[in-house]
Every structure is written in C-alpha cells, then in structure tokens.
Amino acid sequence: MHASILIKNGRCMTMEGKEEKKWIAVEQNKIVAMGDNTEYESLIDGDTIVFDAGGNTVLPGFIDSHFHVIQTALDSISVDLSCAKTYEELGEQLREAASSFTGGYIRGIRISEEQFTEGRFPGRTLLDKYCSDVPVVLNSMEYQVSILNTYAMLYFKIPFTAEGIELDRKQMPTGIFRKQANSILRTNILKNISDNIRKDAVEGIMGTLLMNGITTINAMEGGFMYSDKDADFLYEHGKEFPIDIELFYQTMDIEKIKAMGLKRLGGCLYVDGTFGARTAALSFQYADCPGTMGSLLLTQQEINDFVLNCYKNNLQLALYTIGDRAIEMAINAHENAFYQTGIIGLRHRLEHAELINEKQIQRAKELGILLSMQPSYETYWGGPGKMYEQRLGDKYILTNPFKEIIEKGVIICGGSDSDVTEPRPLLGIHSAVNHPVVKHRVDIYEALKMFTCNGAYGIFQEKNKGTLSVGKTADIIILDRDILLVPSHQIEKARVCVTIKSGETLYSNL
Amino acid sequence: MLSINFLGKPRVEYNGKKLEEQLGSKAVVLICLLVLNEKRYMSREKLEGYLWPDSSTDAARYNLRYNLWLIKKNIGTDHKGHKFLHVDSDCCSINKEYEFECDTFEIMSFKHSQNDSLESILKLKQLFRGDLLEGCYFKNCDELNDLIIFERMKYEQRKVKILKSLVDYYEKEESFDNCLEVINEILEIEPYDEEMILKILDIYVKCGKPVAAITYYNNFSKLLTSSLGISPSNQLRKKYEEIRSVLSDSIDNNSSKANMDTFMKDISKQENVSVIEIISDCIKNVDYFWISDVVGKIIAAVGTDYLNQLSEKELLDLAYIQCDILYYCDDKFEHIKDYGRDTMSVCIINAFIKLLRIVCSKQELTIIILNNTDMDDTSLNVLKYLKRIKIEGLKLIEG
C-alpha cells in the first residue's frame with residue numbers, strides 16, 4: 001500500500017467515540033490507513049507528502065451547516081460599511097471604492113441606522129456628495145432596506161408605485177426603499193447579476209473557506225430576500241468548486257424540488273423573522289418594544305399542509321424558526337405530519353431555533369428533528385448588554401441552550417450563517433464552549449461534533465465524511481495547536497494549518 | 001412631421017429621419033424640458049441651471065445657445081410653416097402652433113372619463129415603451145436628475161392608472177381574456193397588488209374555473225411568503241375560502257358524491273373524532289384556576305384549529321387566564337398594546353363556554369376534575385352553569 005499524503009505525530013481526533021490516532025495515510029481521495037505507532041513507514045515513498053502535525057490536533061474537515069454561499073460571495077466583492085460611524089466615514093469608503101471601480105455598480109453592505117451618530121440611514125443626496133458618477137446600492141444588515149444614490153435611481157428599474165418608497169417633504173424619493181419596494185428592487189437588481197459574476201465571486205471565497213478548514217457547506221439559497229437564480233446557479237455549477245456544496249433550495253415549491261431531483265428543501269424558509277427586527281415570534285413581549293411579540297409568516301394550517309406534503313414526498317425539510325412561538329408551530333406541524341404518515345428518519349431540521357424551550361427540545365427529540373444552530377451568535381449578540389438582552393430583557397439567558405439540547409439527545413449541526421457572521425467554525429466552537437450563560441456551555445468535544453460528525457449526519461453523509469476512519473473521504477484539517485489543551489477562552493485563537501479536501505492539499509502554511 | 005418619444009430610450013424623428021445622434025443627449029433633454037413645460041416659457045437662466053449647473057455663466061449661455069441652434073437646424077417647420085421653437089433673449093418654449101407627435105404630451109393631455117373609447121385607451125397604453133429618458137443620467141445636474149426621477153414616478157403612476165381603467169373597461173364588457181392580460185401587465189409593475197389578485201380570482205370563478213382560481217391563489221401565496229415573508233390579506237383569504245367551499249359543495253352535489261362519501265369517511269378516520277379526555281385539577285382560592293387548567297389542556301389535546309373560530313377579543317380574554325393561548329396565536333397579538341388589561345369576568349367565562357361549544361360540536365369532550373373540593377369560587381359557579389346548560393358532547397366527571 002502507498003500513501004500520497006501522510007500526517008504523522010498528530011493528535012488525530014476521529015470524532016468516533018473519542019478515539020484518537022497518531023497518524024493518517026491518504027491515497028487518492030480516501031483515508032487508507034490510521035495507526036498509533038510508526039507502522040506508517042512502509043507507506044511512504046518519494047512521492048508521499050508528509051505533514052508532521054507536531055502533536056497538534058488533526059480533525060475531519062469542518063462542515064458549515066448553514067451558509068449563504070452567493071450572498072457571502074457577493075459580499076466579498078462589496079464594500080463592508082459596518083464600521084462607518086458617520087456619514088463622512090461611509091462616504092470616504094464609497095469614494096475609495098469608486099476610485100477602483102471597474103464597471104457595474106458599487107454595492108455597500110452591512111449598514112444599520114444605529115451605527116451612525118446621525119441615527120438614521122443616509123439618503124441618496126448624501127451618497128451623491130461622495131459618489132455621483134457611479135451607481136451605488138447599499139443594503140442594510142438583514143437586507144430589509146436598500147439605499148440608492150441618484151445615479152442608481154436612474155440606472156435601475158425603480159418600482160415607483162410600490163409600498164415602501166420613502167419620500168421627503170417635497171414628495172421626492174429619498175433613495176431609501178423598504179417593504180415591497182425593497183423586495184421588487186432587489187429582484188430587479190439581482191436578476192441582472194450574471195452567472196459569470198456569481199462564479200467569479202464564489203471562486204473568490206474558496207480560499208477563505210479552506211483557510212478556515214471548511215470542506216463542506218450547506219448552501220441555503222433562493223427565496224425571500226435572495227434570488228432563485230442563486231439556487232439555480234449552484235444546482236448547475238455547485239460541483240465545479242473545490243469544496244462540497246450541499247444545496248438547500250429555499251422554496252415551498254415541492255413540485256419544483258422533485259422535478260430537480262433534490263432530496264431536501266428549505267433553509268431560510270421563514271416561519272418567523274429576526275430578533276434584530278423584533279419580528280421573531282415570541283410567547284412574550286419584546287423588552288424594548290412592549291406590545292410587540294413578533295409575527296408568524298404562516299398560519300398553523302398552512303405550515304401543517306406544507307410539512308405534511310414534505311413527509312409524503314420523503315423530502316428532508318429545514319425550517320427557519322427563531323422565536324419559541326415559531327418553534328412551537330413548526331414542531332406542531334411535524335407532529336401532525338408524523339401522526340398522519342408515520343414517516344420518520346428524514347432528519348428534518350429547524351434552522352437557528354435560538355429560543356427553543358425544554359418541552360420543545362423533548363418533542364424535537366421524539367420526532368428525530370435536528371437543530372441547525374449558530375453558536376457564534378452568542379459571541380456577537382449574547383450576554384449582558386448585547387442585542388439579545390436588549391430585545392428579550394432578562395430572558396436573554398434562554399437563548400441557544402446548547403448543553404440542555406445535547407443532554408436531551410438532540411443533534412446540533414453547527415453553522416456560521418455566513419454572510420450574517422464570519423465563516424469561521426473555530427469561532428463557532430469557541431462560542432459554544434464559552435456561552436455567556438454558563439449553564440448552556442458545552443465541552444470542546446461536543447462543540448467539535450457540531451461542525452464535524454453532526455454536520456455530516458445532518459446531510460446524510462456520515463458514511464462518507466465527518467469522522468476520520470479508513471475508507472472515508474480524505475477531508476482532513478491540521479490545527480496549529482492541541483485544541484484539547486488550549487484554555488477555553490483561547491479556542492478562537494487556534495488556526496488551521498492544513499486543509500486537505502478529497503485527498504488534495506488545498507491549503508497549507510506548515 | 002416631427003415625432004418624439006421620451007418614454008424608453010429617447011427618439012426624435014423629423015420627416016422619417018432619426019435625429020438623436022445629431023442632437024446629442026443635452027439637446028434631447030432640452031427638448032424634453034420644453035415639452036414638459038409646454039404651457040409656459042422657460043427662462044434661459046432656468047434651463048442653464050438644469051443643464052450646465054457647474055459651468056460658468058458664459059459657458060452655460062454659450063452651451064444653451066448652441067443647443068438651441070442645433071435643434072433649430074435639425075427640426076424644420078411643420079406642414080403649415082410654423083417653427084418648432086419660440087426663442088427670445090430671455091425665454092424659450094415650444095411653439096404652441098407647431099404640430100408634432102409626442103408620447104408624454106399625449107399621455108398628460110389625456111383626461112380620463114367614463115366615455116373613453118377602447119381605442120383611445122389602447123393607444124395610450126402603447127406609448128409606454130419604458131421609463132422617461134431611459135438610460136439618461138446627467139452628472140452634477142442634480143436638479144435635472146431630480147426632475148427626471150419625479151417625472152418617472154408620475155408616468156409610472158399614470159401607466160398603472162391607464163391599465164386599471166382598461167381592466168375596468170374589459171371587466172364591464174366581460175372580455176375576460178383581455179382583462180387577464182392587462183392585469184398581468186399591472187402585476188409586472190406591482191406584483192403584490194392584492195386588488196388585482198382578487199380580480200383574477202373573480203374572473204376565474206366567473207369563467208367557471210374555480211380550480212384555476214385556487215391554483216392561482218396558492219401560487220400568489222407562495223410568492224408573498226417567499227418574497228416578502230407575509231401571508232395574503234384577510235380579504236383575499238376569505239375570497240379563497242369562499243371559492244373552496246363553493247367548489248366543495250359542487251363536488252358534493254355532483255356525480256362524485258360516492259367518492260366524496262368515502263373520502264369524508266377517511267377524513268373522519270384520520271381526524272379520530274372519538275372522545276377527548278382531559279384531567280383537570282383545582283387549587284383553592286386561586287381565581288379561575290380550574291377554567292385556566294381546562295383551557296390549557298384542551299389546547300394541548302386538540303391543537304389550534306378550534307382557536308381560529310374564536311374572535312381576537314375572545315382569544316385575548318382567554319389569554320388573560322391562560323398564557324399558553326399566546327403560543328398558538330399568530331400575528332393576531334402583534335402590536336396589541338392593551339394585553340394584560342383588566343378583562344371583565346363575564347368575557348372570560350363567555351369565551352370559555354364558546355370554546356367548549358366549538359370543541360364539542362366536533363368531538364366528544366370528557367373533563368375529569370380532580371380535587372374538586374379545592375375549586376375556586378368563579379370556576380365552581382361556571383361548573384354549576386355548565387351542568388345546567390348541558391352542552392352536547394361534554395361530560396364532566398368529578399373525582
């Protein structure tokens with residue numbers, strides 16, 4: 001037997017029953033041997049690439065279970081404006097972008113009203129001051145608002161009669177679009193993005209993903225606030241990229257999914273909204289907006305019908321639920337569908353499920369529902385003084401109860417929700433171990449499972465990936481330290497040194 | 001003959017000859033400004049401000065003079081010998097006597113009335129080839145760009161209005177195919193216009209196509225969910241339910257009655273209409289406790305469907321004593337500011353009894369009451385009342 005790649009002196013965590021090995025041999029795209037001593041020597045010849053892990057952690061390639069590929073890719077060719085504190089700072093960033101402008105339009109992202117000392121979004125005349133010779137389109141953090149400069153107002157087809165166009169005192173559009181107007185405008189703009197642009201942009205983010213050890217992503221594409229063209233593009237071209245892309249088409253059109261031969265649907269298939277916009281459906285009132293409890297986007301009957309239809313068609317379904325009222329409704333629908341069909345084993349998922357309660361965890365367990373969660377939300381928004389506390393008051397301590405979920409036997413698949421947070425599994429792992437609410441913290445091994453074997457289970461790939469054993473696809477990463485010995489508060493400082501995807505070394509700084 | 005189109009990519013044609021290239025974009029937009037202001041003279045100063053705001057006064061004056069000359073040179077007299085422009089040392093305008101065709105001019109001079117002929121409305125509709133001055137943007141000409149945006153808004157609104165008048169016309173004439181075609185044009189501009197969706201459903205029903213109406217509604221509902229994350233309005237949902245019930249009645253009354261009978265039997269089996277049994281408990285001196293316990297357990301046992309038959313007010317009244325109601329209600333409670341108000345006892349009790357009646361109209365309900373000697377006073381009185389009125393299907397067992 002011969003090895004094309006050999007990793008030695010590693011602390012190779014197989015992610016199977018906490019078993020560890022010292023070395024792994026790879027030939028072609030598979031793991032062909034593993035061991036504890038030095039039996040590997042016979043596998044090495046002049047062609048073998050040998051990595052000395054130096055006693056550091058070796059893991060299966062990370063699986064990011066909730067990822068918006070096209071949005072992340074387009075963001076990578078956009079101007080991130082989240083750090084601008086004033087209009088002046090925003091304007092300077094746009095001016096700089098305009099100086100290296102190559103065509104099309106400038107796309108600015110990640111702005112919110114709160115970030116500006118002025119306390120509101122800039123309008124088109126203000127944008128014109130900094131950038132008047134190129135169309136500029138800005139998007140708010142969650143894409144609920146678009147802002148155009150005057151050039152863009154004349155460049156794109158504007159839905160002038162739709163609801164949601166902000167007008168000034170002279171009844172002139174300010175360039176700020178919300179609601180229907182925003183949706184129609186975004187559709188008009190996104191449909192003009194060519195597949196070549198998509199392809200270049202997606203290729204552009206591959207390096208970052210591999211540098212972060214990601215070898216598989218669950219691509220949540222199409223539908224509300226996105227574009228079906230994104231999903232169609234990945235359906236057509238997903239296999240042309242170096243990492244594995246598992247498509248979750250965000251549509252309720254079951255016939256379309258069947259016709260495409262897909263086995264799953266959903267992702268951000270919204271049952272409710274977000275905490276940020278106070279639209280996540282809660283069973284109590286928002287602490288910072290009494291009288292508001294969020295809203296559900298579907299009635300119980302509608303969701304029952306849809307979920308039942310998915311069961312009957314043997315489709316794996318991933319539903320977007322954040323508030324406990326939305327989670328309740330989704331679980332009700334699954335119970336109804338299960339009672340009516342008796343079908344189990346489709347590994348249905350609830351995406352986010354940030355405010356799941358104890359009873360709901362138990363019911364999810366009984367139904368075999370998996371939770372696709374984003375631990376890094378806790379780093380961004382969890383704990384005292386942050387967004388969860390602002391919105392939920394004292395109840396912020398209820399969010400993302402990882403430990404309770406795992407103890408009840410429910411599987412958590414970890415994801416970044418990139419482009420909402422950065423695609424860095426080690427940050428997600430750090431966040432799960434360092435949850436701001438101590439009782440929700442999990443140990444490092446459970447956190448690693450979220451991004452490896454659990455991720456594989458969530459897409460029916462546990463026989464091929466997610467663990468290290470002979471015969472599995474050689475998706476392997478080497479870290480720059482022994483993750484089990486790192487103090488918990490320093491986990492996020494760990495870096496990936498080597499990423500091997502299907503037996504090819506696609507990233508290495510060893 | 002001069003013919004001008006400002007909607008879509010601008011076109012200027014004199015005696016069959018295209019003039020856009022000779023004129024250039026500033027001269028074309030100068031004509032557009034004069035047409036938009038056809039009822040009044042425009043001062044040279046104003047025009048210079050629109051077109052060359054960042055040039056020196058002399059340069060702007062020269063530019064205007066040159067472009068006016070360019071227009072005069074290319075656009076000759078009409079068949080009566082009138083010149084196109086009136087120009088003097090201060091002002092400019094289109095010569096009101098000059099005969100020419102212009103899309104925006106025709107659209108804005110059209111006054112809609114009940115007696116409009118179909119031909120006149122169709123002719124207007126055809127004039128909308130695109131946005132006003134499509135593809136035009138004038139760097140640093142803020143006032144001009146604003147004017148174009150403003151005018152585009154105006155013409156878009158005008159277009160929708162004209163299309164809607166066409167819809168009304170075809171509807172009156174019962175020319176449903178044409179009507180649908182125009183509605184679809186409106187929906188291309190305003191894809192979420194529920195007034196038009198209602199019309200489509202109506203038309204399908206009038207044409208004897210209720211199944212098509214239901215399919216259309218379902219597709220629209222999916223579009224709303226996928227694009228805006230919302231459900232159709234109550235009015236639209238009501239319409240949909242009406243169509244569904246009419247369809248179901250017609251199936252029932254027709255030849256497939258036998259199939260329907262079998263189907264209904266199957267449904268009955270699925271719904272498991274047998275007895276629901278709940279075990280309730282009591283706590284002394286805690287007002288409404290037994291009633292609250294029963295409400296909570298009914299919801300847990302039968303789900304949410306029955307709750308939809310209660311009004312928002314009744315749900316709120318019950319939520320006052322049983323917060324589990326909140327789990328099961330969707331946007332009904334959104335923005336309700338007075339949740340937690342002091343509800344009248346009679347309202348809570350009436351809502352409770354109505355809930356029992358609704359459940360018992362579909363299923364048999366047995367309530368086992370544990371520790372009844374600890375029952376609070378209000379619940380005790382309600383229990384006595386329930387025993388008196390004897391709701392069909394309700395069985396109360398005290399233990």
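Predicted model: local features only at pLDDT ≥ 70, side-chain atom pairs only at ≥ 80, totals over all residues.
**View 1**

**View 1. The contact between chain B and chain A.**
Where the two chains meet, 38 residues of chain B are in contact with 36 residues of chain A. On the side of chain B that touches chain A, the elements giving two or more residues are helix H6 (142-172), helix H9 (210-228) and helix H14 (325-328) of chain B. The largest share of this side, 10 residues, comes from H6(B). Sorted by class, the side of chain B that touches chain A holds 16 nonpolar, 12 polar and 10 charged residues.

**View 2. An open sheet of parallel strands in chain A.**
Five strands of chain A form an open sheet with the order E17-E18-E19-E20-E21 and with parallel pairing. At the edges of this sheet are strand E17 (264-270) and strand E21 (412-414) of chain A, each of which pairs on one side only. On average, and with direction ignored, neighbouring strands of the sheet are turned by 20 degrees against each other.

**View 3. The packing of helices H9 and H10 in chain A.**
Helix H9 (residues 300-312) and helix H10 (residues 324-341) of chain A have axes that come within 8 Å and cross at roughly 45 degrees, and H9(A) and H10(A) are therefore oblique to each other. The crossing of these two helices of chain A, H9(A) and H10(A), is right-handed. Among the residues of H9(A) that meet H10(A) are Ile303(A), Val307(A), Leu308(A) and Tyr311(A), while the residues on the H10(A) side include Met329(A), Ala330(A), Ala333(A) and Ala337(A). By class, the contact of H9(A) with H10(A) has 8 nonpolar, 7 polar and 1 charged residues.

Four strands of chain B form an open sheet in the order E3-E2-E1-E7, with mixed pairing. Strand E3 (17-18) and strand E7 (100-102) of chain B stand at its edges with a single partner strand each, so one side of each is left without a neighbour in the sheet. Strand E2 (residues 11-14) of chain B pairs with E3(B) in the antiparallel sense over 2 bridges, and the bridge partner of Glu13(B) in E3(B) is Lys18(B). H1(B) lies across strand E1 (2-5), E2, E3 and E7 of chain B, and runs at about 100 degrees to E2(B).

**View 4. The packing of helices H1 and H2 in chain B.**
Helix H1 (residues 20-36) and helix H2 (residues 44-51) of chain B pack at an angle of about 130 degrees, and their axes are 11 Å apart. That angle makes H1(B) oblique to H2(B), and H1(B) passes H2(B) in a right-handed crossing. In this contact, Lys26(B), Leu30(B) and Leu33(B) of H1(B) meet Leu47(B), Tyr50(B) and Leu51(B) of H2(B). Its residues by class are 5 nonpolar, no polar and 1 charged.

**View 5. Backbone details in two loops of chain A.**
Most residues other than glycine have a negative phi, and most peptide bonds are trans. In chain A, however, a cis peptide bond joins Ser418(A) and Asp419(A), with omega at about 25 degrees. Asp419(A) is found in the loop between E21 and helix H15 (425-433) of chain A. Lys18(A), a residue other than glycine, has a positive phi, near 60 degrees. The place of Lys18(A) is in the loop between strand E2 (11-13) and strand E3 (20-21) of chain A.

Technical notes:
Residues numbered from 1 in each chain as written. Chains lettered and ligands numbered in written order. Pairing = 2+ DSSP bridges. Axes fitted to C-alpha atoms, helices over the stretch in contact; angles between N-to-C directions. Contact = placed C-beta atoms within 7 Å. Nonpolar A, V, L, I, M, F, W, Y, C, P; charged D, E, K, R; others polar. Parallel < 35°, antiparallel > 145°, perpendicular 65-115°, else oblique. Left-handed = near helix turned anticlockwise from the far one by under 90°.
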